[in-house]
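Welcome! Take a look at the sequence and the model below, then work through these exercises with me.

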Amino acid sequence: INFLDKEVASNKKERALEAFHRNGYSLTNATEMIAQIRPTDCSDWTVADKKKFAVEIFRNRKNLKELCTAMGKEMREILSYYLGTYKKSDDYR
């Protein structure tokens with residue numbers, strides 16, 4: 001677990017721990033596995049993703065399940081972006 005604590009970025013730790021658990025706590029292929037993990041803070045979203053979110057959130061009337069389908073993202077990513085970034089932005093107001 002020291003490996004995960006020292007080597008994995010904070011925005012990937014939760015998912016890295018989940019993957020580590022699913023892998024039976026084996027460090028075999030750990031670096032490849034961690035490289036494939038997307039950050040939980042949506043820092044990998046492009047400008048186009050953010051603009052699409054702003055359009056889709058109103059088009060889908062805040063139906064997050066429909067928004068996930070339209071965006072092609074997981075619910076946890078949609079919620080993270082909505083609560084952590086979008087609600088604080090000028091686009092929300």
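Predicted model: local features only at pLDDT ≥ 70, side-chain atom pairs only at ≥ 80, totals over all residues.

How many helices and how many strands are there in the protein?

Residues are numbered from 1 along each chain as its sequence is written, and side-chain values use heavy atoms, with hydrogens and water left out.

**Solution 1.** Start with the rule: helices are DSSP runs of H or I with at least four residues, strands runs of E with at least two, numbered from the N terminus. By this rule the protein has six helices and zero strands. Read from the N terminus, the order is α-α-α-α-α-α.

**Exercise 1.** Check whether the span of helix α4 agrees with its number of residues.

**Solution 2.** First, α4 covers residues 47-59, which is 13 residues. Next, the expected span is 1.5 Å times one less than the number of residues, so α4 should span 18 Å. Finally, its end C-alpha atoms lie 18 Å apart, which agrees. After α4 comes R61, with a positive phi near 50 degrees.

**Exercise 2.** Find the buried residues of α4 and some of what covers them.

**Solution 3.** Buried means under 20% relative accessible area (exposed is over 50%, partly exposed in between; 1.4 Å probe, protein chains only). In α4 this picks out D49, F53, A54, E56 and I57. Their cover includes α5 (64-71) and α6 (75-84). Across the protein, buried residues make up 33% of the 93 residues.

Conventions: Contact = heavy atoms within 4.5 Å.
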